[in-house]
Amino acid sequence: MFNGITISSFNKYFKSEDDCRQYLFDLKWKAGYQCRKCSCNKSGKGKTRFHLRCNQCGYDESVTAHTIFHKIKIPLLKVFGIMFRITVRKKGMSTVELANEYGINQKSSWLLKRKTQEAMKSSGVHLLTGHVEVDELMIGGIEEGKRGRSKGDKKLVVLAVEKVKDDKIGRAYATTIENAGAKSFRSFFEKHIDSDNAQIKTDGWRGYWPLENEFEIKQKPSDKGKNFKELHVVIMNLKGWLRGIHHKCSEKFMNGYLDEFFFKFNRRNHLSTIWHKLTVRMMEHVPYAYKANAT
């Protein structure tokens with residue numbers, strides 16, 4: 001398993017296409033082989049050293065088949081490098097920067113970024129517990145003639161953070177919502193907050209009122225963020241990251257950028273293994289098609 005946070009350690013570990021394919025090979029069949037066609041668990045050498053052929057039905061499978069790397073046209077050495085830049089670099093990199101640095105076109109860079117963000121989606125396994133703070137925010141700047149929680153062309157996002165020892169932030173999650181109503185909040189709460197083991201603190205917005213019978217909710221006026229200091233630090237970091245690197249994100253793909261930010265945020269204390277964790281997810285993810293997801 002690769003451990004490291006510097007580009008020099010990365011380049012030392014991965015020097016060739018074969019190094020990359022061997023890494024994926026070890027991940028894909030670490031638990032043993034099973035043919036996806038006939039379920040046989042015995043295999044032999046396939047078309048190349050990075051294929052396995054079923055001894056029973058003869059199905060020949062490559063190391064990248066049926067993963068998010070399926071039919072990828074960029075050399076794996078460049079793909080690995082781009083993934084490393086996205087995950088380890090604190091401020092991230094735009095698709096234009098990545099394309100220029102790795103000598104690929106911007107469309108290919110954008111698609112790889114989307115594939116990476118798909119794999120960064122929350123698994124929903126680690127629910128927030130203990131003291132949890134929730135707030136909504138607008139992404140897209142102030143819009144003339146719009147007030148309060150009316151979003152207009154801006155993106156409305158709900159964000160939750162978990163408070164741990166000494167009021168420090170543990171995990172955090174966010175997603176776009178259609179409106180600041182109970183139905184939108186409920187879906188987010190059910191996916192990311194442990195209703196039996198969380199005490200939720202929100203501002204006084206009435207959209208949270210219908211959820212008080214399902215979740216333990218305490219409301220307190222925000223006072224311009226003074227009563228939610230740590231949460232608002234996360235909000236400002238998120239907005240600064242989006243403005244500084246990506247400038248403007250389409251509403252369709254906003255959740256992808258939120259997934260990227262919080263995948264890295266939730267692993268900020270384990271950066272040495274973050275690239276490996278992402279690669280494992282990409283190997284377990286189904287292929288991602290450009291035509292089905294492009295605007």
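Residues are numbered from 1 along each chain as its sequence is written, and side-chain values use heavy atoms, with hydrogens and water left out. Because the model is predicted, local features need a pLDDT of at least 70 and side-chain atom pairs count only at pLDDT 80 or more, whereas totals for chains, interfaces and linings use all residues. The score called pLDDT is the predictor's confidence in each residue, from 0 to 100. The chain averages a pLDDT of 91, and 93% of the residues score at least 70. Over residues 141-147, however, pLDDT stays under 50. For this stretch the model has seven contacts beyond four places in sequence, a contact being heavy atoms within 4.5 Å. Where pLDDT is low, the predicted coordinates should not be read in detail.

The strands come next. Helices (H or I, at least four residues) and strands (E, at least two) are DSSP runs, numbered from the N terminus; two strands pair if DSSP finds at least two bridges between them. Three strands form an open sheet in the order 1-2-3, with antiparallel pairing. Its edges are strand 1 (43-45) and strand 3 (60-62), each of which pairs on one side only. Strand 1 is joined to strand 2 (residues 51-54) by three bridges, and Gly44 has Arg53 in strand 2 as its bridge partner.

Another antiparallel pair consists of strand 5 (residues 155-163) and strand 6 (residues 169-176), held over six bridges. Here the bridge partner of Val158 is Thr175 in strand 6. Five residues lie between the strands of this hairpin, where Asp166 takes a positive phi near 60°.

A nonpolar core is a set of buried Ala, Val, Leu, Ile, Met, Phe, Trp, Tyr and Cys residues joined through side-chain atoms within 4.5 Å. Buried means under 20% relative accessible area, exposed over 50%, and partly exposed in between (1.4 Å probe, protein chains only). The largest nonpolar core has 69 residues, and those with the most contacts inside it include Phe69, Phe80 and Trp275. Helix 3 (residues 76-88) provides the largest share of this core, eight residues. Apart from it lies another core of 22 residues, among them Leu128 and Ile177. Beyond its neighbours within four places in sequence, Phe69 is in contact with residues including Leu24, Leu76, Phe80 and Met282.

Finally, His276 lies in helix 9 (residues 274-284). His276 counts as buried because its relative accessibility is 10%. Not counting residues up to four places away in sequence, His276 touches Met1, Phe2, Tyr23 and Leu27.
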